[in-house]
Structure formats: C-alpha cells, structure tokens
Amino acid sequence: MVNDALTANILNNSNYNELSDSMTSFVKTYIEKLIEDISLYVDASILIEKIETVDKYKAGQELSQDITGIPSAYSAIDGDPDVLVKFAEQYAKLGIDSFDDLCKEALLDFLNLHNGLFIVLLSKLNLYELSLNAPKKNDSIDLTSEINAKITILSVKFSFGTVKFLLYELPVPD
Amino acid sequence: MSDIKMLVCDDSILARKSMTTMLNSFGYDKIIEVANGEDAVNKYKSERPDIVFLDIVMPVKDGITATKEIIEFDPNATIVVISSVGTQTHLREVIKAGAKDFIQKPVDADLLRQVLKHNIPQ
C-alpha cells in the first residue's frame, strides 16, 4: 500500500511492522496515508515514536472528526498545546503563536485534509465508499473502546515535540 | 480588477483565506466569504454571485445540499465544489446536484485558474 519511499522508511523505523499483523487493513492504510500527508504538508523530518493500542483515552481538549460509512471511525489530534501550536504554524504557514481558535482551525483543517485524502484513496482502490462529518472541537475527549475494538494512537515526533493522532475504528454492527 | 463577483463557502477559515488570496492574485477582488451551506444559499439569493465555490463537508448544511438548493433557485448558477472528499460517490453526487466542476483539496493554483477560465466569461 505504501507508494512512497520516505513513508516506507519512516514506518520501517518504528514498531509498525511488529503491530501490522494485528491491525485491520483500514487502520494500516490510515497510518500509511497519515505519514505520507504529514511528510507532504507539514514536515518530512519526522519519526514515529510509537504506535500503541489502548482501551481508553482521555484528554483535556478534543479536536476530532468522524469518518462515516462502513467501516466508520473516530479520528483526533492531540498533544501538548505548545507543540500543537508549532504543528499548526508549520502546516498553515501563518503566524500562530497561541493555542487559540485559529490554531484549532488549522489543526482541524489538517485532519480534514488528511481524512479526505484517506477516503479518496480507499475509493480509488475500490475498497470502501466513505464520508466525513464536519470536524469538532470540544473541551475534552473521554473514549472507551467497545469489546473487540481498540483505539490506535500514533505518536509522531517532530523537531518541536510530539503530536498524537488517534484512530478508533468502530466495530461493524451485526 | 475584475467585476466578477464570487462566493467562497468553507467552514475552514484557513481554506477561505487561502482561496481568497489565490483569487485576489488572479485579479478578482469582489469575494464574499461564508462558513456553511445555509449561509451560501442565502447569500447566493441576495448577492447573485457569478460563481460559487463550495466545500462539501460543513456544519449546518453540507455543500451538496447547498448546491441542489442554489440550482433549484437558479438553474444557471455556476458552482464549483472544492473538497478533500473527492470519492467516486461524492463526485457523482456533486455532478448530479448540478455543480459545473470539482477541485480536489489541497487547491492547486494552476488548476483553479483553468477552472475559472472554463467557467466564467473572460
């Protein structure tokens, strides 16, 4: 699925290959596309600190977007506000100096761009026809996964700090 | 500067700013910005812009519904949908709703220039 040497190299230098057998193709494609999009639109000098799966995730702010259809998923971006400010500034190429509405707009703009390109890729591969809900910003995240489902957290290290990307693929209803 | 009036509708302030900057650089300065599909329909009715740029994924009213409502009001409206969600299903819906063109985000300036040349009187 990876069609870019840089993306492949970043993934090979992480625990991606150890975990990939336990991931669905949806999650694997999401991670590969995310690395490609971060490299293209934010910064190519990145490392994946770790990929982990958890049952619960809590955070003091929510910057998220739902991917709808079958399968559907919850995606979010999280991290230390000072680091998120740097990420937003680098992506938007604007003078962003505090974790304010403009900064959150930039973070959600990136999430929306990446999620859009991800579902376009799935459509081109004739895998799934999915859609997106409008991005959301709220005061907190309090996620608990259902049985047989995990929340995947991808910690991406930039020169200015680490940003976490969350993907929770929702179980397909019977 | 051109007399062409344009309506840019996107819930992302960054996307609106980026579009307006590009359009300004092409010589267009009569640009109205709105942040959701409902405002786009209302602004279309009151301002009658020559061309409308609509995102798909937006709160309140999405771009495909807004396209249908604008076309219902004015079957000759020129609507270009600009979105990150250019899946096969969305492209079919966009064309069926009556949009003249589709641009995949991130917007390429050369492509935008071609789309403008194709869709507005020079």
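Two residues are taken to be in contact if their C-beta atoms, placed from the backbone, lie within 7 Å. The model is predicted, so that local features require pLDDT of at least 70 and side-chain atom pairs count only at pLDDT 80 or more, whereas totals for chains, interfaces and linings use all residues. Residues are numbered from 1 along each chain as its sequence is written, and chains are lettered from A, with ligands numbered from 1, in the order in which they are written.

Helices (H or I, at least four residues) and strands (E, at least two) are DSSP runs numbered from the N terminus, and two strands pair if DSSP finds at least two bridges between them. In chain B, five strands with parallel pairing form an open sheet in the order β2-β1-β3-β4-β5. Its edge strands, each of which pairs on one side only, are β2 (28-34) and β5 of chain B, and neighbouring strands are turned against each other by 20° on average, direction ignored. Strand β3 (residues 51-54) of chain B runs parallel to β4(B) and is joined to it by three bridges; within β4(B), B:V81 is the bridge partner of B:L54.

Angles are given between N-to-C directions, from 0 to 180 degrees, with axes being lines fitted to C-alpha atoms, for helices over the stretch in contact. Helix α2 (residues 37-47) of chain B lies across β1 (2-9), β2 and β3 of chain B and runs at about 155° to β1(B), while α3(B) lies across β3 and β4 of chain B at about 175° to β4(B).

A residue is called buried if 20 or more other C-beta atoms lie within 10 Å of its own, exposed if 12 or fewer, and partly exposed in between, with C-beta atoms placed from the backbone. In helix α4 (residues 88-97) of chain B, the residues B:H90, B:E93, B:V94 and B:A97 are buried. These residues lie on the same side of α4(B), because they cover an arc of only 100° around the axis, the arc being that of the directions from the helix axis to the C-beta atoms. On the other side of α4(B), B:Q88, B:R92 and B:K96 are exposed. The cover over the buried residues of α4(B) includes α3 (63-73), β4 (79-83) and β5 (101-104) of chain B. After α4(B) comes B:G98, with a positive phi near 115°.

The contact between the chains takes 15 residues from chain A and 17 residues from chain B. On the side of chain A that touches chain B, the elements giving two or more residues are α5 (101-124) and β5 (131-132) of chain A, and α5(A) provides the largest share, 10 residues.
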